[in-house]
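Here are my notes for you to read alongside the model. Keep the viewer open and click along as you go.

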Amino acid sequence: MKAIVYNGPRDVQVKDMPDPSIEHPNDVIVQITTTNICGSDLHMYEGRTTLEAGKIIGHENLGVVLECGPAVSSLKVGDRVCIPFNASCGFCKNCDRGMTAACLTLNPGTAGAGYGYAGMGDLQGGQAEYLRVPYADFNCLKLPEGAQEQEDDYVMLADIFPTGWHATRLAGLMPGESVVIYGAGPVGLMAAYSAQLQGAAQIMVVDRHPDRLALAQKCGAIAIDDSKESPVDQVMELTHGEGADRGCECVGFHAHDPQGHEVSNDVMNKLVKSVKATGSLGVVGVFMPEDPKSQNELARKGQIAFDFGEFWTRGLHMGTGQTSVKSYNRHLSALIEAGKAKPSFIVSQQLSLDDAPDAYKHFDAREKGWTKVVLKPQMSASSGKRKPAESRTNARAHAHR
Ligand SMILES: NC(=O)c1ccc[n+]([C@@H]2O[C@H](COP(=O)([O-])OP(=O)(O)OC[C@H]3O[C@@H](n4cnc5c(N)ncnc54)[C@H](O)[C@@H]3O)[C@@H](O)[C@H]2O)c1
Ligand SMILES: [Zn+2]
Ligand SMILES: [Zn+2]
């Protein structure tokens, strides 16, 4: 099959890779119909992780079930499913509490597994024609009738819609409150959109890319351009000198100043100053336990110079970490089905797998007009070894009904 493979820093290639196969009775093989490039993929693309060359990347995946293992009981060939970026077992101590981002089974010795991602186990990614999904009954979210026409909405359930929502939940946002969101990438935009859906009275989004800020305005936010004036001053002005009730960090350890110099603690410290005393912060931007390639000595050890005194004096709370996508995806899917959410408003390009290496370059440069890339494997000529799901039947899966 055709797949996007990581070769090394700023080098991804379209390669012919072996088709995945059923390895465990509860696996399914999904024929991918939409798969996204994520800001998180750029950490690997930029060579800032330990990802080994030869891995297929891609963790925001949607497709059609092509083949079911003999123990799969809730899915059948032809079902359209969206797959959370965290792969999880459903029965370990953490999954049991809904903390699927910290599954203890699929990446032994660590909490948390994912598809095609550094440090998240050995599952291959879905920027490919086909993907093996383990514990498929638990991991696949079956999509409703008509989802095929709205794949660009539903695919956002794999990661960034739940992650934007998670940022607002970690921050404890309540209806009628104000929230400041740093970062207007796909995740920050989804946080702004989620805040709007949850009834925030005032949403402020900080970035310096006019096209991204324009999208933030489209979902009801006030755009704050930090290349023009201090974002903290602008938030203070908009909140009568008090600061926002809640704050969301949607940038991560690659935070930089408007001129492009990396300053890992920039957003965290500005966030502390932008949120009112007793407020709270949701930090979903990625921070690493170590970052050996950083220019900054603290960052190399996974540390930032954090204004803890200011944080403490204000009595702030903070929630951090990866999103347990399964905590949110079913409800957010219902919002899409009911016509109350349309997260595809951030999609800027629909491309084939063949276009992916070029798309990575543009997206990595945060070029104007490159907000969110969705890849459609069926747009490129297939390597052609398998038949599409719709033309197959699966006697084993039906036998379990
Ligand atoms: N917690 C999770 O489960 C989870 C899931 C998905 C993504 N993420 C992480 O969320 C972060 C954002 O993802 P994305 O896809 O939106 O990435 P992105 O890189 O496309 O967007 C980041 C945005 O932040 C802006 N930015 C950079 N420095 C800034 C600063 N100092 N002040 C204000 N804005 C600044 C950039 O201009 C950019 O628009 C990444 O770290 C990603 O890895 C986390
Ligand atoms: Zn992602
Ligand atoms: Zn588990």
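1. Let's begin with helix α9, residues 266-274, where the buried residues are Val267, Met268, Lys270, Leu271, Val272 and Ser274. Helices (H or I, at least four residues) and strands (E, at least two) are DSSP runs, numbered from the N terminus. "Buried" is said of a residue with 20 or more other C-beta atoms within 10 Å of its own, "exposed" of one with 12 or fewer, and "partly exposed" of anything in between, with C-beta atoms placed from the backbone. The cover over the buried residues of α9 includes β10 (178-182), α8 (231-238), β13 (244-249), β14 (275-283) and α11 (308-313).

2. A quick word on what you're looking at. This is a predicted model, in which local features need pLDDT of at least 70 and side-chain atom pairs count only at pLDDT 80 or more, while totals for chains, interfaces and linings use all residues. Residues are numbered from 1 along each chain as its sequence is written, and chains are lettered from A and ligands numbered from 1 in the order in which they are written.

3. Now the overall picture. The protein has 14 helices and 17 strands, and its C-alpha atoms fill a box of roughly 65 × 40 × 40 Å along the principal axes. A compact globule of 401 residues would have a radius of gyration near 21 Å, and the protein agrees, with 21 Å. (That radius is taken over C-alpha atoms, and the globule rule is 2.2 Å times the number of residues to the power 0.38.) Buried residues make up 50% of the 401.

4. How is the protein divided? There is domain 1 (2-159 + 325-399) and domain 2 (161-320), with bounds that come from an automatic or database domain assignment. Their C-alpha centres lie 27 Å apart. Across the join, 21 residues of domain 1 are in contact with 20 residues of domain 2, where contact is a pair of C-beta atoms, placed from the backbone, within 7 Å. On the side of domain 1 that touches domain 2, α1 (39-45) and α12 (329-337) each supply at least two residues. The largest share of that side, three residues, comes from α1.

5. Where does ligand 1 sit? Both domain 1 and domain 2 give residues to the shell around ligand 1, so it lies between them. Of the 34 residues around ligand 1, Gly39, Ser40, Gly183, Gly185 and Gly252 come nearest; a residue is near a molecule or strand if its C-beta atom, placed from the backbone, lies within 6 Å of it. Helix α1 turns up again here, giving the most to this shell, with four residues. Our opening helix α9 is one of the elements that supply at least two residues each, as are α5 (160-170), α6 (186-197) and β11 (202-207). By class, the shell has 14 nonpolar, 13 polar and seven charged residues. Here Ala, Val, Leu, Ile, Met, Phe, Trp, Tyr, Cys and Pro count as nonpolar, Asp, Glu, Lys and Arg as charged, and the others, Gly among them, as polar.

6. After α5 comes Gly172, with a positive phi near 70°.

7. Next, Pro186, which is found in helix α6. Buried or exposed? Pro186 counts as buried, because it has 31 C-beta neighbours inside 10 Å. Not counting residues up to four places away in sequence, Pro186 touches Gly39, Ile160, Ile346, Thr371 and Lys372.

8. Finally, the inside. The largest nonpolar core has 114 residues, and Val28, Val30 and Val179 are among those with the most contacts inside it. (A nonpolar core is a set of buried Ala, Val, Leu, Ile, Met, Phe, Trp, Tyr and Cys residues joined through C-beta atoms within 7 Å.) Helix α6 provides the largest share of this core, seven residues, and the core draws at least three residues from each of domain 1 and domain 2. Val30 is also one of the contacts of Gly63, leaving aside neighbours within four places in sequence. Gly63 is in strand β4 (residues 60-68) and is buried, with 30 other C-beta atoms within 10 Å.

Terms used: Contact = placed C-beta atoms within 7 Å.
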